[in-house]
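Trainee: I have just opened this structure and would like to learn how to read it. Could we go through some features together?

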Amino acid sequence: MKKYLAICLAAVLALSLAACAGPAAAGTDAAGFRIGIIQLTEHPALDAAREGFVDALVEAGFSKDNIDVQNAQGEISNCATIATKFVNDKVDLILAIATPAAQTAAQATTEIPILATAVTDFVEAGLVESNDAPGGNISGTSDMNPIEEQADLLVKLMPNAETVGILYCSAEDNSTLQARLARTALEKRGLTVTDYPVADVNEIQPVTTKAVGEVDALYVPTDNLFAENMPTAVLVTEPACIPVICGESGMVASGGTATYGINYYNLGKLAAGQAVDVLVNGKDIATIPIGFAAVEDLEFAVNEENCKAIGLEIPADLQG
């Protein structure tokens with residue numbers, strides 16, 4: 001596995017678990033609540049969000065034995081089956097990890113509170129009426145990228161780049177949104193941008209091969225298909241000496257070049273705080289705003305081995 005260096009730029013997200021645990025200890029038995037988790041697929045970012053959520057709830061007095069974690073292995077049909085199971089089991093709350101999982105859970109119930117995490121835009125995904133006032137049985141935490149900062153990072157690492165390709169899965173709502181925002185940010189910096197959408201895993205290698213022959217650098221958003229299959233893309237980009245700026249650090253660890261992004265573990269912890277508000281403190285989920293990662297929680301990550309392989313020098317002020 002490639003070496004990987006992550007540099008936290010500031011303190012971790014301010015989430016007070018002690019405050020969450022207090023109301024439970026005062027009278028509500030948090031350990032009795034049953035929570036079902038639907039995770040779209042396994043890759044480092046989604047795994048970290050799940051771990052942060054579960055760890056924070058356990059610290060707040062919830063029983064890990066009453067948290068049912070189910071992985072859909074990337075299949076929407078599996079998400080639907082899992083959601084139906086949780087509805088039939090009458091769980092107290094559902095956590096959906098990633099946009100397709102959240103959309104499927106939303107179709108399964110309008111009664112059980114649903115929290116979602118690792119969803120880029122809740123409104124565009126059709127999950128809530130607004131970020132400030134969701135209005136239904138769904139809220140959660142967004143993994144909207146600091147795309148402007150990532151565009152700045154690309155320019156800083158590759159000041160001579162003139163053309164950039166955006167690799168993403170066209171079947172993921174969150175990815176198409178980020179691709180659109182990234183195009184605007186990169187063009188604003190004077191770069192020529194080309195989209196390279198893929199429909200499924202079988203298109204990653206041929207589309208990436210086409211892209212590396214036409215651009216100076218690549219950008220990949222927080223795309224679940226690419227996050228799960230980064231090594232396939234890297235088999236093409238690294239021999240071509242094309243740097244890849246990624247949406248999140250797990251993709252960098254899997255072979256990408258660098259990112260400036262959010263901490264998914266802390267994003268999961270933020271969702272856990274919302275779960276405590278709903279289940280322990282009795283708040284109406286319709287009134288809980290969508291949560292966003294704090295600016296102070298963003299982190300720079302760089303794959304030193306990839307940089308060496310493609311001949312990219314890391315600026316001194318970004319070295320640990």
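Mentor: Gladly. Helices (H or I, at least four residues) and strands (E, at least two) are DSSP runs, numbered from the N terminus. This is a predicted model, in which local features need pLDDT of at least 70, side-chain atom pairs count only at pLDDT 80 or more, and totals for chains, interfaces and linings use all residues. Residues are numbered from 1 along each chain as its sequence is written, and side-chain values use heavy atoms, with hydrogens and water left out.

Trainee: Where is K90 found?

Mentor: K90 lies in the loop between α3 and β4 (93-97).

Trainee: Is K90 buried or exposed?

Mentor: Buried means under 20% relative accessible area, exposed over 50%, and partly exposed in between (1.4 Å probe, protein chains only). With a relative accessible area of 62%, K90 is exposed.

Trainee: What should I know about phi?

Mentor: Most residues other than glycine have a negative phi. K90 is not a glycine, yet has a positive phi of about 55°. A98 is not a glycine either, and its positive phi is about 100°. A98 sits in the loop between β4 and α4, and A98 counts as buried because its relative accessibility is 0%.

Trainee: How do I read two packed helices?

Mentor: Two packed helices are described by the angle between their axes and the distance between the axes. The axes are lines fitted to C-alpha atoms, for helices over the stretch in contact, and angles run from 0 to 180 degrees between N-to-C directions. Here helix α3 (residues 76-89) packs with helix α4 (residues 99-108) at an angle of about 45°, and their axes are 9 Å apart.

Trainee: What word describes how α3 and α4 lie to each other?

Mentor: Angles under 35 degrees count as roughly parallel, over 145 as roughly antiparallel, 65 to 115 as roughly perpendicular and the rest as oblique. α3 and α4 are therefore oblique to each other. Their crossing is right-handed; a crossing is left-handed if the near helix is turned anticlockwise from the far one by less than a right angle, and right-handed if clockwise.

Trainee: Which residues of α3 and α4 meet?

Mentor: Contact means heavy atoms within 4.5 Å. From α3, I76, C79, A80, A83 and V87 meet P100, A101, T104, A105 and A108 in α4. The contact of α3 with α4 has nine nonpolar residues, one polar and no charged. For these classes, Ala, Val, Leu, Ile, Met, Phe, Trp, Tyr, Cys and Pro count as nonpolar, Asp, Glu, Lys and Arg as charged, and the others, Gly among them, as polar.

Trainee: At what angle do α5 and α6 pack?

Mentor: Helix α5 (residues 147-157) and α6 pack at about 50°, with their axes 9 Å apart. That makes α5 oblique to α6. On the α5 side, I147, E148, A151 and L154 make the contact, and on the α6 side Q178, L181, A182, A185, L186 and K188. By class, there are seven nonpolar, one polar and two charged residues in the contact of α5 with α6.

Trainee: What does the side chain of Q178 make a polar contact with?

Mentor: A polar contact is a pair of N or O atoms within 3.5 Å; within protein, one must be able to donate a hydrogen and the other to accept it, and residues adjacent in sequence count only if both atoms are side-chain atoms. The side chain of Q178 pairs in this way with the side chain of T120 (3.4 Å). Q178 belongs to helix α6 (residues 173-188), and Q178 is buried, at 0% relative accessibility.
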